[in-house]
Each structure stands twice: as C-alpha cells, then as structure tokens.
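User: I am new to this structure. Please walk me through the terms and what backs each one.

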Amino acid sequence: LAAAAEADGELLNEFGLADAAGGAGGAGGEGSMAEVEAMLNPIQRYALRFLEQVAQVVDAPDAVEESLAEAHEEWELGQLQRIREQEEARADEDDEVFYVDADGGPGEGGEGG
C-alpha cells in the first residue's frame, strides 16, 4: 500500500495536482483519488489508469515469485514433518519388545499349535 500511495503522490506531482488535491498523497484514500481524477482531463485519466495497470503487471512477477517461495517453504516444512514422523514411527518399532513362549513360538496371543 505504501508503494501505491507513493505512486499516487508521484502522479499528482507529475500532473501538477499535488496542491489541488490538498496533500492527498495517500492519506485521503479512494475519495481523494476520485476528486483528483475529476480534475484530470480525459487524456490524463487515461494515462493514470494505464499507469495503474502497468504497475499491476510489473508487480505481478514479484507477487508470483513471493507466492512460489512461500509455497516451496510450506512444502519443505511438510516434507520435514513427514520425515520426522517416519523416523519417530521407525524408532517406536525398534523399541517394541517381543516375547517368546517357552516352546520358542511367538507369544503375541497367537495359537501355539
């Protein structure tokens, strides 16, 4: 939002409307932008909308890159959690004690034959 407010302020300065907008360099919100747009001629309004669209297109790759980095980090954390759970399960299996009946057969409640 700070970058958008800064861009709005730059546009106001570029079109010579910073004083007319009453210092609405980002603190005024949508209402002040509507007032500024009302003061612009059609070509200036077109330029303003064009620049806003270009800013979205230029910022889009950065947003995609951040999203991919976040998704990759989440995936890595998930993989580490899965590996940790597998290691804990394997350690629990190793800790189990198996009992053997006197006849040498497994004593886990099976049928002794």
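Predicted model: local features only at pLDDT ≥ 70, side-chain atom pairs only at ≥ 80, totals over all residues.

User: What makes up the secondary structure?

Analyst: There are 3 helices and 0 strands. Along the sequence the pattern is α-α-α. Helices (H or I, at least four residues) and strands (E, at least two) are DSSP runs, numbered from the N terminus.

User: Why is Tyr46 called exposed?

Analyst: Its relative accessibility is 59%. Exposed means over 50%, buried under 20%, and partly exposed in between (1.4 Å probe, protein chains only). So Tyr46 counts as exposed. Phe50, with 43%, is partly exposed. Leu51, at 35%, also counts as partly exposed. Buried residues make up 13% of the 113 residues.

User: Why is the pair of Tyr46 and Phe50 called stacked?

Analyst: A search of the whole structure finds 1 aromatic pair. Tyr46 and Phe50 form an aromatic pair with 6.4 Å centre to centre and 20° between the planes. Rings of Phe, Tyr and Trp (its six-membered ring) pair if their centres lie within 6.5 Å; planes under 30 degrees apart count as stacked, over 60 as edge-to-face and the rest as tilted.

User: How far apart are Tyr46 and Phe50 in helix α3?

Analyst: They are 4 residues apart, so about one helical turn separates them.

User: What makes the nonpolar surface patch?

Analyst: Tyr46, Phe50, Leu51, Val54 and Val58 make a patch of about 480 Å². Patch residues have over 30% relative accessible area and no salt bridge; like charges are joined within 9 Å, nonpolar side chains (Val, Leu, Ile, Met, Phe, Trp, Tyr) within 5 Å. A salt bridge is a side-chain nitrogen of Lys or Arg within 4 Å of a carboxyl oxygen of Asp or Glu. Leu51 is found in helix α3 (residues 42-95).

User: Which residues does Arg45 contact, leaving aside neighbours within four places in sequence?

Analyst: Arg45 is in contact with Glu37, Ala38 and Leu40. Contact means heavy atoms within 4.5 Å.

Methods. Residues numbered from 1 in each chain as written. Heavy atoms only, no water. Areas by Shrake-Rupley, 256 points an atom, 1.4 Å probe, with all protein chains shown as cover.
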